[in-house]
Amino acid sequence: MIKRLVPAALVAVSTMVLTLSVSVPAAASDRSVVVDSASAEHWTGKVQATTPHIKHVPECQNTGCDSVSLRVDLPRRLEGAPGGVHVKLQLLGATPDDSVGLVIYNKKQVVAHSSAQIGPARSVLLPSVDARYTVYVYYNPMARELGSPRLKYEAYARYEAKPTYPGPTSELLPDLQALPQRYVTFESPVTFFDDTVSSEYPSCFRSEAEEEPFAKLCFRFGQAMANIGKGPMDVRYSTPPGDRPHEVAGYQRVYRTDGTFYDLPSVGTMHYHEIHSHYHFEDFAVSELWTVDSNGNLAQKVASGSKNGFCAADTELFWWNANGPRADVQSFPAPRCLEPQTVDPDGTAHFKHGISTGWADEYWWALPDQMIDVHGLPDGTYALVTKVDPAGKIKETDDSNNCNRITVTLSGLATSAPAAAALAGSARPC
(Lines give C-alpha, C1' and ligand atoms only; values in the text may rest on other atoms or scores of the structure.)
Protein backbone atom coordinates (compact mmCIF):
# COMPACT_ATOMS: atom_id res chain seq x y z
CA MET A 1 0.00 0.00 0.00
CA ILE A 2 1.23 3.51 -0.86
CA LYS A 3 0.29 6.78 0.79
CA ARG A 4 1.64 10.30 1.13
CA LEU A 5 4.26 10.79 3.82
CA VAL A 6 2.75 12.50 6.87
CA PRO A 7 4.52 14.30 9.72
CA ALA A 8 6.77 12.16 11.87
CA ALA A 9 4.42 12.29 14.87
CA LEU A 10 1.64 10.73 12.80
CA VAL A 11 3.93 8.16 11.21
CA ALA A 12 4.83 6.85 14.65
CA VAL A 13 1.22 5.90 15.35
CA SER A 14 0.16 4.89 11.84
CA THR A 15 -0.07 1.36 10.49
CA MET A 16 3.27 -0.03 9.30
CA VAL A 17 3.02 0.46 5.54
CA LEU A 18 5.19 1.44 2.63
CA THR A 19 5.17 5.22 2.26
CA LEU A 20 6.33 7.22 -0.72
CA SER A 21 6.49 10.81 -1.91
CA VAL A 22 8.49 12.75 -4.45
CA SER A 23 12.22 12.78 -3.77
CA VAL A 24 14.06 16.09 -3.45
CA PRO A 25 17.80 16.72 -3.21
CA ALA A 26 18.03 16.81 0.56
CA ALA A 27 20.39 15.36 3.13
CA ALA A 28 17.66 13.10 4.52
CA SER A 29 15.22 11.16 2.36
CA ASP A 30 11.55 12.18 2.46
CA ARG A 31 10.44 8.66 1.53
CA SER A 32 10.14 5.81 3.97
CA VAL A 33 9.89 2.03 3.61
CA VAL A 34 9.03 -0.11 6.64
CA VAL A 35 9.80 -3.83 6.81
CA ASP A 36 7.84 -5.25 9.76
CA SER A 37 7.07 -8.81 8.58
CA ALA A 38 8.14 -11.39 6.01
CA SER A 39 6.13 -9.57 3.32
CA ALA A 40 7.80 -7.60 0.54
CA GLU A 41 7.65 -3.79 0.70
CA HIS A 42 7.94 -2.11 -2.69
CA TRP A 43 8.97 1.31 -3.95
CA THR A 44 9.97 2.96 -7.21
CA GLY A 45 12.34 5.77 -8.04
CA LYS A 46 14.32 7.68 -10.65
CA VAL A 47 18.03 8.36 -11.01
CA GLN A 48 19.46 11.11 -13.20
CA ALA A 49 22.98 11.27 -14.56
CA THR A 50 23.89 14.60 -13.00
CA THR A 51 21.42 15.59 -10.24
CA PRO A 52 20.75 15.63 -7.41
CA HIS A 53 24.16 15.34 -5.74
CA ILE A 54 24.25 14.46 -2.04
CA LYS A 55 27.48 15.92 -0.72
CA HIS A 56 27.72 13.98 2.54
CA VAL A 57 27.46 10.59 0.74
CA PRO A 58 30.70 9.69 -1.13
CA GLU A 59 28.89 7.62 -3.78
CA CYS A 60 26.56 10.54 -4.54
CA GLN A 61 28.98 13.47 -4.50
CA ASN A 62 29.73 13.48 -8.23
CA THR A 63 26.74 11.75 -9.77
CA GLY A 64 22.95 11.70 -9.64
CA CYS A 65 21.43 9.90 -6.67
CA ASP A 66 18.06 8.84 -5.29
CA SER A 67 17.41 7.97 -1.65
CA VAL A 68 14.80 6.36 0.57
CA SER A 69 14.66 5.72 4.32
CA LEU A 70 14.41 2.06 5.27
CA ARG A 71 13.24 1.02 8.73
CA VAL A 72 13.51 -2.62 9.81
CA ASP A 73 11.08 -3.38 12.65
CA LEU A 74 10.75 -7.16 12.64
CA PRO A 75 8.49 -9.28 14.89
CA ARG A 76 10.31 -10.85 17.83
CA ARG A 77 10.30 -14.28 16.19
CA LEU A 78 12.37 -12.91 13.28
CA GLU A 79 14.79 -10.69 15.21
CA GLY A 80 18.25 -12.18 14.95
CA ALA A 81 16.95 -15.17 12.98
CA PRO A 82 19.22 -16.72 10.33
CA GLY A 83 18.80 -14.85 7.09
CA GLY A 84 18.21 -11.14 6.71
CA VAL A 85 16.42 -8.35 4.86
CA HIS A 86 17.11 -8.76 1.16
CA VAL A 87 16.98 -5.47 -0.78
CA LYS A 88 16.47 -5.99 -4.53
CA LEU A 89 16.42 -3.48 -7.37
CA GLN A 90 15.99 -3.61 -11.13
CA LEU A 91 15.98 -0.92 -13.79
CA LEU A 92 12.94 -0.43 -16.01
CA GLY A 93 13.44 -0.06 -19.76
CA ALA A 94 17.22 0.02 -19.40
CA THR A 95 19.68 -0.31 -22.26
CA PRO A 96 22.76 -2.56 -21.93
CA ASP A 97 24.80 0.58 -21.20
CA ASP A 98 22.68 1.61 -18.20
CA SER A 99 23.66 0.81 -14.64
CA VAL A 100 23.22 2.00 -11.07
CA GLY A 101 24.96 1.32 -7.79
CA LEU A 102 23.16 0.43 -4.56
CA VAL A 103 24.60 1.43 -1.18
CA ILE A 104 22.94 1.34 2.26
CA TYR A 105 24.06 3.39 5.25
CA ASN A 106 23.33 3.18 8.95
CA LYS A 107 24.05 6.79 9.88
CA LYS A 108 27.57 7.32 8.46
CA GLN A 109 28.52 3.65 8.16
CA VAL A 110 28.13 1.58 4.99
CA VAL A 111 26.37 -1.68 5.85
CA ALA A 112 25.82 -3.04 2.31
CA HIS A 113 27.05 -2.02 -1.12
CA SER A 114 26.74 -3.27 -4.70
CA SER A 115 28.91 -1.17 -7.01
CA ALA A 116 28.40 -3.30 -10.14
CA GLN A 117 28.53 -1.36 -13.41
CA ILE A 118 26.98 -3.89 -15.80
CA GLY A 119 23.44 -5.25 -15.81
CA PRO A 120 20.06 -3.85 -14.72
CA ALA A 121 19.71 -5.58 -11.32
CA ARG A 122 21.27 -5.23 -7.86
CA SER A 123 20.74 -6.84 -4.47
CA VAL A 124 22.26 -6.70 -0.99
CA LEU A 125 21.48 -8.36 2.34
CA LEU A 126 20.94 -6.58 5.67
CA PRO A 127 21.01 -8.34 9.05
CA SER A 128 17.73 -9.42 10.66
CA VAL A 129 17.91 -6.78 13.40
CA ASP A 130 15.80 -3.70 13.97
CA ALA A 131 17.53 -0.64 12.57
CA ARG A 132 17.12 2.51 10.52
CA TYR A 133 18.95 2.84 7.22
CA THR A 134 19.17 5.13 4.23
CA VAL A 135 19.20 3.45 0.82
CA TYR A 136 21.00 5.33 -1.96
CA VAL A 137 20.67 4.40 -5.64
CA TYR A 138 23.29 6.21 -7.70
CA TYR A 139 24.03 6.58 -11.41
CA ASN A 140 26.88 4.17 -12.18
CA PRO A 141 27.30 3.01 -15.82
CA MET A 142 30.60 1.51 -16.94
CA ALA A 143 30.66 3.88 -19.96
CA ARG A 144 29.03 7.03 -18.62
CA GLU A 145 28.85 8.69 -22.03
CA LEU A 146 26.67 5.83 -23.35
CA GLY A 147 24.18 5.68 -20.46
CA SER A 148 20.64 7.07 -20.58
CA PRO A 149 20.37 10.47 -18.85
CA ARG A 150 17.47 9.32 -16.65
CA LEU A 151 16.75 5.85 -15.28
CA LYS A 152 13.66 4.42 -13.60
CA TYR A 153 13.82 1.55 -11.16
CA GLU A 154 11.64 -0.63 -8.98
CA ALA A 155 12.77 -2.16 -5.71
CA TYR A 156 11.57 -4.16 -2.77
CA ALA A 157 12.83 -5.21 0.65
CA ARG A 158 11.80 -8.42 2.39
CA TYR A 159 12.93 -10.55 5.29
CA GLU A 160 14.13 -13.90 3.94
CA ALA A 161 15.02 -16.81 6.19
CA LYS A 162 18.25 -18.68 5.56
CA PRO A 163 17.40 -22.00 3.85
CA THR A 164 17.58 -25.11 6.00
CA TYR A 165 18.35 -28.59 4.73
CA PRO A 166 17.16 -31.40 6.99
CA GLY A 167 18.63 -34.84 6.55
CA PRO A 168 22.09 -35.99 5.47
CA THR A 169 24.57 -33.51 4.03
CA SER A 170 24.15 -33.04 0.28
CA GLU A 171 25.53 -30.85 -2.49
CA LEU A 172 24.00 -27.50 -3.45
CA LEU A 173 24.49 -27.73 -7.19
CA PRO A 174 23.66 -25.16 -9.86
CA ASP A 175 21.18 -25.88 -12.65
CA LEU A 176 22.02 -23.91 -15.78
CA GLN A 177 19.22 -23.08 -18.17
CA ALA A 178 19.65 -21.57 -21.64
CA LEU A 179 17.12 -18.76 -22.17
CA PRO A 180 15.66 -17.75 -25.56
CA GLN A 181 18.09 -15.76 -27.68
CA ARG A 182 17.53 -12.02 -27.89
CA TYR A 183 17.72 -9.59 -30.77
CA VAL A 184 19.22 -10.92 -34.00
CA THR A 185 21.02 -8.50 -36.34
CA PHE A 186 23.82 -7.74 -38.76
CA GLU A 187 24.41 -4.28 -37.26
CA SER A 188 27.91 -3.06 -36.52
CA PRO A 189 28.89 -3.40 -32.85
CA VAL A 190 30.66 -0.62 -30.96
CA THR A 191 34.25 -0.61 -29.72
CA PHE A 192 34.62 -2.85 -26.69
CA PHE A 193 37.77 -2.52 -24.62
CA ASP A 194 40.28 -2.05 -27.48
CA ASP A 195 38.37 -4.28 -29.89
CA THR A 196 37.16 -2.12 -32.78
CA VAL A 197 34.86 -2.91 -35.69
CA SER A 198 36.52 -4.45 -38.73
CA SER A 199 36.88 -1.92 -41.52
CA GLU A 200 36.42 -4.61 -44.19
CA TYR A 201 33.63 -6.59 -42.50
CA PRO A 202 31.51 -4.07 -40.55
CA SER A 203 29.27 -6.62 -38.84
CA CYS A 204 32.36 -8.12 -37.16
CA PHE A 205 34.85 -7.05 -34.54
CA ARG A 206 38.48 -6.81 -35.60
CA SER A 207 39.29 -9.77 -33.35
CA GLU A 208 36.59 -11.86 -35.02
CA ALA A 209 37.84 -11.05 -38.51
CA GLU A 210 41.54 -11.47 -37.72
CA GLU A 211 41.54 -14.55 -35.48
CA GLU A 212 40.94 -18.06 -36.79
CA PRO A 213 38.40 -19.00 -37.96
CA PHE A 214 38.33 -15.72 -39.91
CA ALA A 215 34.83 -14.16 -39.95
CA LYS A 216 33.47 -12.08 -42.83
CA LEU A 217 29.71 -11.80 -42.24
CA CYS A 218 28.78 -11.85 -38.55
CA PHE A 219 25.23 -12.79 -37.68
CA ARG A 220 24.95 -11.27 -34.19
CA PHE A 221 22.53 -12.12 -31.38
CA GLY A 222 22.03 -11.71 -27.66
CA GLN A 223 21.61 -14.59 -25.25
CA ALA A 224 21.28 -15.29 -21.55
CA MET A 225 21.80 -18.20 -19.18
CA ALA A 226 20.02 -18.58 -15.84
CA ASN A 227 20.85 -20.60 -12.77
CA ILE A 228 17.74 -22.21 -11.28
CA GLY A 229 19.59 -24.66 -9.01
CA LYS A 230 20.06 -24.69 -5.23
CA GLY A 231 23.67 -23.54 -5.37
CA PRO A 232 25.78 -21.09 -7.37
CA MET A 233 27.78 -21.82 -10.48
CA ASP A 234 31.15 -20.78 -9.07
CA VAL A 235 34.16 -21.13 -11.40
CA ARG A 236 37.61 -20.07 -10.21
CA TYR A 237 41.13 -19.83 -11.53
CA SER A 238 44.49 -18.39 -10.53
CA THR A 239 47.39 -16.76 -12.33
CA PRO A 240 51.04 -16.88 -11.28
CA PRO A 241 52.87 -13.80 -9.95
CA GLY A 242 53.49 -11.17 -12.61
CA ASP A 243 52.31 -13.36 -15.49
CA ARG A 244 49.22 -13.92 -17.63
CA PRO A 245 49.68 -17.33 -19.30
CA HIS A 246 47.80 -17.99 -22.53
CA GLU A 247 45.72 -20.63 -20.76
CA VAL A 248 45.07 -21.57 -17.13
CA ALA A 249 42.93 -24.35 -15.68
CA GLY A 250 39.60 -23.52 -14.09
CA TYR A 251 37.87 -25.34 -11.28
CA GLN A 252 34.34 -25.39 -9.87
CA ARG A 253 33.62 -24.68 -6.23
CA VAL A 254 30.81 -26.97 -5.05
CA TYR A 255 28.97 -26.06 -1.84
CA ARG A 256 27.30 -28.42 0.65
CA THR A 257 24.25 -28.07 2.87
CA ASP A 258 26.40 -28.13 6.02
CA GLY A 259 28.23 -24.94 4.94
CA THR A 260 31.36 -26.65 3.64
CA PHE A 261 32.60 -26.83 0.05
CA TYR A 262 35.12 -28.58 -2.15
CA ASP A 263 36.85 -27.67 -5.41
CA LEU A 264 36.25 -29.77 -8.50
CA PRO A 265 39.14 -29.50 -10.99
CA SER A 266 39.12 -29.44 -14.79
CA VAL A 267 35.86 -27.64 -15.50
CA GLY A 268 37.37 -25.95 -18.52
CA THR A 269 40.11 -23.75 -19.85
CA MET A 270 40.41 -20.06 -19.12
CA HIS A 271 41.87 -18.42 -22.22
CA TYR A 272 43.63 -15.05 -22.05
CA HIS A 273 42.42 -12.68 -24.77
CA GLU A 274 45.16 -10.28 -25.83
CA ILE A 275 42.82 -7.58 -27.14
CA HIS A 276 40.36 -7.74 -24.23
CA SER A 277 43.17 -8.11 -21.66
CA HIS A 278 41.39 -10.66 -19.50
CA TYR A 279 40.45 -14.35 -19.37
CA HIS A 280 37.45 -15.95 -21.08
CA PHE A 281 35.78 -19.11 -19.78
CA GLU A 282 35.64 -20.67 -23.23
CA ASP A 283 33.60 -23.78 -22.44
CA PHE A 284 30.63 -21.93 -21.01
CA ALA A 285 28.37 -21.70 -24.08
CA VAL A 286 28.27 -22.29 -27.83
CA SER A 287 25.76 -21.28 -30.51
CA GLU A 288 25.04 -23.03 -33.80
CA LEU A 289 22.97 -22.43 -36.93
CA TRP A 290 20.93 -25.35 -38.28
CA THR A 291 18.71 -25.87 -41.29
CA VAL A 292 15.19 -27.04 -40.44
CA ASP A 293 12.84 -29.46 -42.19
CA SER A 294 9.22 -28.78 -43.15
CA ASN A 295 8.10 -29.56 -39.60
CA GLY A 296 10.60 -27.17 -38.03
CA ASN A 297 12.87 -29.95 -36.74
CA LEU A 298 16.64 -29.58 -36.77
CA ALA A 299 18.08 -30.99 -39.98
CA GLN A 300 21.76 -30.10 -40.49
CA LYS A 301 24.26 -27.89 -38.65
CA VAL A 302 25.66 -25.39 -41.17
CA ALA A 303 27.63 -22.96 -39.00
CA SER A 304 28.89 -22.60 -35.45
CA GLY A 305 30.16 -19.82 -33.24
CA SER A 306 33.08 -19.98 -30.85
CA LYS A 307 32.74 -21.60 -27.46
CA ASN A 308 32.60 -18.55 -25.27
CA GLY A 309 31.92 -17.26 -21.81
CA PHE A 310 33.06 -13.68 -21.73
CA CYS A 311 32.75 -13.12 -17.98
CA ALA A 312 30.02 -15.07 -16.18
CA ALA A 313 28.25 -12.79 -13.69
CA ASP A 314 24.97 -11.91 -11.98
CA THR A 315 23.48 -9.33 -14.33
CA GLU A 316 19.72 -10.07 -14.31
CA LEU A 317 17.41 -11.12 -11.48
CA PHE A 318 15.74 -14.07 -13.20
CA TRP A 319 13.63 -14.73 -10.09
CA TRP A 320 12.27 -11.22 -9.46
CA ASN A 321 8.67 -11.90 -8.41
CA ALA A 322 8.36 -11.31 -4.65
CA ASN A 323 5.83 -14.14 -4.40
CA GLY A 324 7.89 -16.62 -6.40
CA PRO A 325 11.12 -18.52 -5.73
CA ARG A 326 13.74 -16.52 -3.89
CA ALA A 327 17.00 -15.57 -5.54
CA ASP A 328 20.26 -15.50 -3.62
CA VAL A 329 22.07 -12.25 -2.94
CA GLN A 330 24.11 -10.95 -5.88
CA SER A 331 27.51 -12.60 -5.37
CA PHE A 332 29.08 -12.26 -8.83
CA PRO A 333 28.69 -8.60 -9.86
CA ALA A 334 30.04 -7.41 -13.20
CA PRO A 335 32.68 -6.38 -14.12
CA ARG A 336 34.16 -7.63 -10.82
CA CYS A 337 34.92 -10.89 -12.62
CA LEU A 338 37.66 -9.11 -14.58
CA GLU A 339 39.63 -8.31 -11.44
CA PRO A 340 41.26 -10.64 -8.90
CA GLN A 341 39.20 -11.39 -5.82
CA THR A 342 42.34 -11.76 -3.75
CA VAL A 343 46.10 -11.53 -4.32
CA ASP A 344 48.58 -13.58 -2.28
CA PRO A 345 51.69 -11.95 -0.81
CA ASP A 346 53.75 -13.56 -3.57
CA GLY A 347 51.56 -11.98 -6.27
CA THR A 348 49.42 -15.02 -7.18
CA ALA A 349 46.02 -13.66 -8.25
CA HIS A 350 42.74 -15.49 -7.67
CA PHE A 351 39.68 -14.85 -9.86
CA LYS A 352 36.11 -16.11 -9.96
CA HIS A 353 33.22 -16.15 -12.44
CA GLY A 354 29.72 -17.37 -11.66
CA ILE A 355 25.95 -17.09 -11.48
CA SER A 356 24.05 -17.09 -8.19
CA THR A 357 20.81 -19.00 -7.71
CA GLY A 358 17.91 -17.12 -9.29
CA TRP A 359 20.14 -14.88 -11.41
CA ALA A 360 20.94 -14.83 -15.12
CA ASP A 361 23.98 -13.77 -17.12
CA GLU A 362 23.17 -11.80 -20.27
CA TYR A 363 25.49 -11.58 -23.25
CA TRP A 364 24.59 -8.56 -25.37
CA TRP A 365 24.60 -8.93 -29.17
CA ALA A 366 27.34 -6.29 -29.47
CA LEU A 367 29.84 -8.15 -27.30
CA PRO A 368 32.80 -9.84 -29.01
CA ASP A 369 32.12 -13.43 -30.10
CA GLN A 370 28.33 -13.01 -29.85
CA MET A 371 28.04 -14.07 -33.47
CA ILE A 372 28.14 -16.83 -36.06
CA ASP A 373 29.94 -16.28 -39.36
CA VAL A 374 27.38 -16.95 -42.13
CA HIS A 375 29.25 -15.81 -45.24
CA GLY A 376 28.60 -18.23 -48.09
CA LEU A 377 25.26 -19.45 -46.71
CA PRO A 378 22.08 -19.02 -48.79
CA ASP A 379 19.14 -16.91 -47.67
CA GLY A 380 16.58 -18.95 -45.79
CA THR A 381 15.01 -20.06 -42.53
CA TYR A 382 17.29 -21.50 -39.86
CA ALA A 383 17.28 -22.53 -36.22
CA LEU A 384 19.61 -20.60 -33.94
CA VAL A 385 20.66 -23.03 -31.21
CA THR A 386 22.46 -22.06 -28.00
CA LYS A 387 23.90 -24.61 -25.56
CA VAL A 388 25.19 -23.68 -22.12
CA ASP A 389 28.00 -25.89 -20.78
CA PRO A 390 28.08 -27.86 -24.07
CA ALA A 391 30.90 -30.15 -22.92
CA GLY A 392 29.18 -30.98 -19.62
CA LYS A 393 32.09 -29.76 -17.51
CA ILE A 394 29.98 -27.96 -14.91
CA LYS A 395 28.55 -30.27 -12.26
CA GLU A 396 24.85 -29.46 -12.05
CA THR A 397 21.53 -31.09 -11.22
CA ASP A 398 19.99 -31.22 -14.70
CA ASP A 399 21.58 -31.09 -18.17
CA SER A 400 18.28 -31.44 -20.07
CA ASN A 401 17.50 -27.70 -20.01
CA ASN A 402 20.92 -26.52 -21.22
CA CYS A 403 19.81 -25.89 -24.82
CA ASN A 404 17.35 -23.46 -26.38
CA ARG A 405 16.52 -22.50 -29.96
CA ILE A 406 14.61 -19.93 -31.95
CA THR A 407 13.69 -19.79 -35.64
CA VAL A 408 15.31 -17.01 -37.68
CA THR A 409 15.15 -15.85 -41.28
CA LEU A 410 18.32 -14.55 -42.92
CA SER A 411 18.07 -12.56 -46.16
CA GLY A 412 20.31 -10.49 -48.43
CA LEU A 413 23.35 -12.50 -47.36
CA ALA A 414 25.08 -11.97 -50.69
CA THR A 415 24.41 -8.21 -50.65
CA SER A 416 25.73 -5.23 -48.73
CA ALA A 417 22.54 -5.08 -46.66
CA PRO A 418 21.96 -8.47 -45.00
CA ALA A 419 18.97 -8.75 -42.65
CA ALA A 420 17.91 -11.02 -39.82
CA ALA A 421 14.56 -11.55 -38.12
CA ALA A 422 13.41 -13.88 -35.34
CA LEU A 423 10.08 -15.65 -35.62
CA ALA A 424 7.90 -14.54 -32.71
CA GLY A 425 6.93 -17.33 -30.33
CA SER A 426 9.42 -19.79 -31.83
CA ALA A 427 11.59 -20.25 -28.71
CA ARG A 428 11.70 -23.78 -27.36
CA PRO A 429 14.10 -26.25 -25.79
CA CYS A 430 16.29 -28.21 -28.18
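A disulfide is a pair of cysteine sulfur atoms within 2.5 Å. In the predicted model described here, Cys 204 and Cys 218 form such a pair, with an S to S distance of 2.1 Å. The link of Cys 204 and Cys 218 is right-handed, with 110° about the S-S bond. Distant parts of the chain are connected by this pair, as Cys 204 sits in the loop between strand E12 (182-185) and helix H2 (206-210), while Cys 218 belongs to strand E13 (residues 218-227), 14 residues apart. Cys 204 and Cys 218 are both buried.

In total, the structure contains 4 disulfides. When the bonded cysteines of the chain are numbered in sequence order, they pair as 1-2, 3-4, 5-6, 7-8. One of the disulfides connects Cys 60 and Cys 65, with an S to S distance of 2.0 Å. Cys 60 and Cys 65 are both buried.

Another disulfide is formed by Cys 311 and Cys 337, where the S to S distance is 1.6 Å. The disulfide of Cys 311 and Cys 337 is right-handed, because the torsion about its S-S bond is about 130°. Cys 311 is located in the loop between strand E19 (298-304) and strand E20 (316-317), and Cys 337 in the loop between E20 and strand E21 (342-343), so this pair ties together parts that are 26 residues apart in sequence. Burial applies to both Cys 311 and Cys 337.

The model also contains an open sheet of 5 strands, arranged in the order E1-E3-E8-E5-E6 with mixed pairing. Strand E1 (32-35) and strand E6 (109-114) are the edge strands, each pairing on one side only. From one strand to the next, the twist averages 25°.

Within this sheet, strand E5 (residues 100-106) pairs with E6 in the antiparallel sense, over 5 bridges. Val 103 has His 113 in E6 as its bridge partner, and Leu 102 has Ser 114 in E6 as its bridge partner. The hairpin of E5 and E6 has 2 residues between the strands, and in this hairpin Lys 107 adopts a positive phi near 60°.

E5 is also joined to E8, by 6 bridges, and these two strands run antiparallel. Here Leu 102 stands opposite Val 137 in E8. A residue counts as buried when its relative accessible area is under 20%. By this cut-off, 6 of the 7 residues of E5 are buried, so E5 is largely enclosed by the rest of the structure. In a regular strand, side chains alternate between the two faces of the sheet.

Ser 148 is found in the loop between strand E8 (131-139) and strand E9 (150-161). Not counting residues up to four places away in sequence, Ser 148 touches Thr 95, Asp 98 and Tyr 139. The C-alpha atom of Ser 148 is separated by 7.7 Å from that of Ala 49, although Ser 148 and Ala 49 are 99 residues apart along the chain.

How values were computed
Residues numbered from 1 in each chain as written. Predicted model: local features only at pLDDT ≥ 70, side-chain atom pairs only at ≥ 80, totals over all residues. Heavy atoms only, no water. Helix = DSSP H or I, 4+ residues; strand = E, 2+ residues; numbered from the N terminus. Contact = heavy atoms within 4.5 Å. Pairing = 2+ DSSP bridges. Axes fitted to C-alpha atoms, helices over the stretch in contact; angles between N-to-C directions. Buried < 20%, exposed > 50% of the residue type's maximum accessible area, 1.4 Å probe, protein only.
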